[in-house]
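Good morning, and thank you for making time for this presentation. Please keep the sequence and the structure in view while I speak.

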Amino acid sequence: MALEKQRFDTLILGAGGAGLNAALQLANANLKVAVVSKVFPTRSHTVAAQGGVNAALANVLPDNWHWHMFDTVKGSDYLGDQDAIEYMCREAIPTVYELEHNGVPFSRLDNGKIYQRAFGGQSQNFGGDQAARTCAAADRTGHAILHTLYQQNIRAKTHFFDEYFAADLIQDQEGIILGALVLDIATGKPLLIEAKTTLLATGGCGQVFRTTSNAHINTGDGKAMILRAGLPLMDMEFFQFHPTGIAGKGMLITEGVRGEGGYLINKDGERFMEKYAPNAKDLASRDVVARSIVTEVREGRGCGPEADHVMLKVNHLDEAVIAKRLPGIRESSKIFAGVDPVKDPIPVFPTAHYVMGGIPTDRFGRVMPTSDDDGDHLPGLYAAGECACASVHGANRLGGNSLLDILVFGRLAGKNIIDYVKDNPSHRPLDEANVEWAMGRLGRWDTKGEGITVSDLRKEFRKTMEDHAGVFRVEDMMQEGVEKVRAIREKLADVRLTDHSSTFNTNRTEALELENMIDVGLSIATSALHRKESRGAHSRPDYPKRDDAKWMKHTLYWQEGDKLEYKGVRSQPLTVESFPPKERVY
Amino acid sequence: MMIPESELKNIERLRWQCRRGMLELDVLLEAFLDQHYEMLSPRLQRHFLQLLEFPDPVIHSWCVGGENPDDEEFVELVDSIRATSVA
């Protein structure tokens with residue numbers, strides 16, 4: 001049976017905030033746009049973002065984009081590219097106004113202006129008083145943005161391929177991306193989408209770790225497609241962990257619980273944070289608390305039959321305080337941990353939350369394929385959002401900057417694509433051999449017989465990542481981790497589906513996701529092993545200091561040979577003076 | 001909304017509809033599908049399909065956040081989703 005093909009000006013993979021904001025620019029410019037999403041667009045992970053979007057509107061307190069830029073550079077532990085950060089902080093303002101005009105119901109002040117709340121890491125006047133910079137739509141900001149952008153795209157006649165799984169990018173002999181091979185989840189039929197330009201906006205990859213706050217869809221599909229296309233991922237060692245997720249499940253238990261007087265204990269009932277942070281104790285910074293929890297577990301003081309978590313004690317607090325100040329925590333603990341925190345402590349473990357690294361791009365979302373500091377972008381290929389690395393978050397992301405990143409760079413990539421398509425109006429010829437390669441990768445899952453199950457290998461892989469490439473990173477155990485993940489990658493050949501049906505075959509979709517997770521997992525484990533310093537979210541007890549002389553540079557990882565190269569941080573902003581590295585103290 | 005009988009039996013399609021943008025809903029809805037769905041009356045099965053069409057924050061507020069749906073028809077279903085064992 002002949003492979004069905006369709007042609008578009010632009011193919012967008014992923015329908016979260018980045019993909020939909022890019023699609024809207026393009027559809028409004030009358031380009032023919034296809035958006036491929038493995039779930040219905042408004043069920044993308046953007047919907048889970050509650051906090052808000054940073055923009056220096058100065059509606060509540062004095063503010064300007066330059067202060068926002070300073071906070072972002074400092075937050076990145078000086079690994080962020082200052083040209084991209086300046087651009088993002090300036091563009092934040094028109095981006096928020098554009099969203100407002102498109103109908104996002106931002107919370108308002110009495111004077112009618114957009115309300116802005118204060119978040120950690122925000123300052124006035126380059127490290128001075130607290131700023132109020134985050135625009136929110138009640139506690140449903142991600143949902144409000146996604147819903148508005150989806151409706152606007154329907155109006156603008158964007159073509160949606162809902163419940164289609166993007167399997168692989170298609171490229172020609174010169175490495176130019178010509179579109180993607182996708183799979184209709186409802187029927188199991190492949191479809192080749194040819195496009196003059198392709199934008200990856202496939203989101204994060206928290207599912208590579210056993211304990212994560214990310215939805216099941218966050219399997220790093222776009223990142224893995226990039227690796228298989230022979231292109232690099234950047235700074236994948238930088239993964240943000242929240243110290244208190246429900247053990248073995250990952251759902252966030254907010255820092256507010258410790259703020260209200262909750263504290264962590266080990267199996268002996270010892271309040272262990274007193275050892276690690278005698279002053280701040282349970283309110284020490286996220287990375288310190290996370291590392292302390294893992295240390296307790298590694299040294300045999302974990303709780304439960306597997307001794308693999310610690311406990312968050314709140315049952316000394318008044319029930320009325322819990323109900324009033326920590327709404328949702330009681331219900332969430334009862335459902336997902338099986339404990340009522342009014343009576344019993346909550347089992348917790350650090351949960352993988354956000355990846356700073358991704359597909360390297362310039363500030364226009366164009367993919368940068370080499371480690372050459374003056375290298376050029378790959379024509380026609382773009383990436384934006386959590387799958388990409390612009391790099392604005394560097395080694396650590398500030399609250400309120402993730403929605404900003406997806407919206408700004410989705411929008412700017414869209415605008416850049418419009419110009420590219422004007423200059424390159426024709427489709428390039430398909431490379432049939434490359435299409436056959438991609439079809440062969442899909443067809444491999446038709447092999448029947450005995451083998452390892454997808455769920456068994458996924459379980460082994462995610463546990464290995466948590467134990468060897470998670471919060472606690474020392475040389476020998478990370479080296480062991482890289483070898484273990486490589487061995488798991490070899491085992492993929494022995495995985496067999498238990499279901500070979502065509503329609504809504506979740507077993508097959510999860511097999512394709514597992515391949516992606518393993519490819520991405522190895523990029524994290526390898527990049528982390530070789531960065532011999534502690535910076536931002538990457539914490540090495542064996543190299544406890546930031547080392548600007550040796551490591552003020554971006555890691556690039558290629559799948560072939562698990563090769564690493566490095567390239568310089570772009571410390572020169574566009575129009576202002578560079579912020580030189582300083583010790584990061586809050 | 002009239003849902004045909006065949007859709008109520010299409011478990012694999014429903015499994016994919018339980019993939020959401022929030023981890024809490026992924027875990028809870030899929031566990032409910034596996035543990036309880038097939039034993040529900042056709043009336044409650046229809047309600048489950050209707051529930052899956054609501055936005056994630058709304059489903060979250062009912063099933064995890066402790067709020068009750070305005071529509072009495074959904075209350076019984078939401079109660080049994082809350083009681084699903086996922087711990």
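Predicted model: local features only at pLDDT ≥ 70, side-chain atom pairs only at ≥ 80, totals over all residues.

How many residues does the contact take from chain A, and how many from chain B? Chain A gives 31 residues and chain B gives 22 residues. H10(A) gives the most, with four residues. By class, the side of chain A that touches chain B divides into 11 nonpolar, 15 polar and five charged residues.

Let me stay with H10(A) for a moment. Within this helix, A:Ile329, A:Ser332, A:Ser333, A:Ile335 and A:Phe336 are buried. What covers these buried residues of H10(A)? The cover includes E11, helix H6 (256-259), helix H9 (319-325) and E14 of chain A, together with helix H3 (23-35) and helix H6 (72-82) of chain B. Just after H10(A), the backbone at A:Gly338 adopts a positive phi of about 70°.

I turn now to the sheet that contains E11(A) and E14(A). It is an open sheet of four strands in chain A, in the order E11-E14-E13-E12, with antiparallel pairing. Strand E11 (239-246) and strand E12 (263-265) of chain A each have a single partner strand and stand at the edges, so one side of each is left without a neighbour in the sheet. On average, and with direction ignored, neighbouring strands of this sheet are turned by 45° against each other. E11(A) is joined to strand E14 (residues 346-355) of chain A by six bridges, and the two run antiparallel. Within that pair, A:His242 stands opposite A:Thr351. Helix H8 (residues 286-298) of chain A packs on the sheet, where it touches E11, E12, strand E13 (310-313) and E14 of chain A. The direction of H8(A) makes about 60° with that of E11(A).

The loop between E11 and H6 of chain A holds A:Gly248. A:Gly248 and A:His309 are 61 residues apart in sequence, yet their C-alpha atoms are 8.4 Å apart in space.

Chain A is divided into domain 1 (242-350) and domain 2 (444-544). Taken over C-alpha atoms, the centres of these two domains of chain A are separated by 27 Å. The contact between them takes seven residues from domain 1 of chain A and four residues from domain 2 of chain A. On the domain 1 side, the largest share, six residues, comes from H8(A). By class, that side has three nonpolar, one polar and three charged residues.

Strand E1 (residues 4-13) of chain A runs parallel to strand E9 (residues 190-200) of chain A, and nine bridges join them. In this pair, A:Arg7 stands opposite A:Glu194. E1(A) also pairs in the parallel sense with strand E2 (residues 33-37) of chain A, over four bridges. There, A:Ile12 stands opposite A:Val35. From E1(A) the chain crosses through helix H1 (residues 17-28) of chain A to E2(A), in a right-handed β-α-β crossover.

Definitions and conventions. Residues numbered from 1 in each chain as written. Chains lettered and ligands numbered in written order. Pairing = 2+ DSSP bridges. Right-handed = clockwise from strand over helix to strand, strands pointing away. Contact = placed C-beta atoms within 7 Å. Nonpolar A, V, L, I, M, F, W, Y, C, P; charged D, E, K, R; others polar. Axes fitted to C-alpha atoms, helices over the stretch in contact; angles between N-to-C directions. Buried ≥ 20, exposed ≤ 12 C-beta atoms within 10 Å, placed from the backbone. Domains from an automatic or database assignment.
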